[in-house]
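Here are my notes on the sheet and the charged pairs. Please read them beside the coordinates.

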Amino acid sequence: MADGIGLALGGGRIGASTATPLRCVKCDFKVLRFAGHRWSPSVDYLFFRNFMPSLDRMREELLPEPEYAAYACQCAWQSVMGNVTELSTSVSRCPGEHGGSCDESIKWVVASHR
């Protein structure tokens, strides 16, 4: 793609072996994925800033939802429903209805396979 990296996020029906590993270029954290869950509406930037990457703390704000997958790094989060949702043809986008970030943009890229 000429404009950048094409990223696709899958909902709860996308298996772990199919999901694209992602990394955030703002906070340099690996993006965690929780299939079959979505983020609670009460989460905010400070929750992720303070508790990422504690899986136990992350689970406190996850709601079971089979069609969703919840994604997060230390500075942004997004709940995605359905099979595949196109993020963007660039590395930056505004969070959707079920997400947020420290500055209203998500900058996730495909992580290197090391």
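This is a predicted model: local features need pLDDT of at least 70, side-chain atom pairs count only at pLDDT 80 or more; totals for chains, interfaces and linings use all residues.

1. Glu65 is partly exposed, at 27% relative accessibility. Its salt-bridge partner is Arg38, with the closest N and O atoms 3.4 Å apart.

2. The order is β3-β4-β5-β7, and the pairing is antiparallel. Strands β3 (32-39) and β7 (99-101) form the edges, each pairing on one side only. On average, neighbouring strands are turned by 30° against each other, direction ignored.

3. Inside the sheet, β4 (residues 62-72) and β5 (residues 76-81) run antiparallel and are joined by 5 bridges.

4. The structure holds 4 salt bridges. One of them pairs Asp56 with Arg59, at 3.7 Å from N to O. These two residues are about one helical turn apart, because they lie 3 residues from each other in helix α2 (residues 55-60). Asp56 is exposed at 58% relative accessibility. Arg59 is partly exposed, at 48%.

5. Another salt bridge brings together the side chains of Asp28 and Arg23, 3.6 Å from N to O. Asp28 is exposed, with a relative accessible area of 53%. For Arg23 the figure is 34%, which is partly exposed.

Definitions and conventions. Residues are numbered from 1 along each chain as its sequence is written. Side-chain values use heavy atoms; hydrogens and water are left out. Two strands pair if DSSP finds at least two bridges between them. Helices (H or I, at least four residues) and strands (E, at least two) are DSSP runs, numbered from the N terminus. Axes are lines fitted to C-alpha atoms, for helices over the stretch in contact, and angles run from 0 to 180 degrees between N-to-C directions. Buried means under 20% relative accessible area, exposed over 50%, partly exposed in between (1.4 Å probe, protein chains only).
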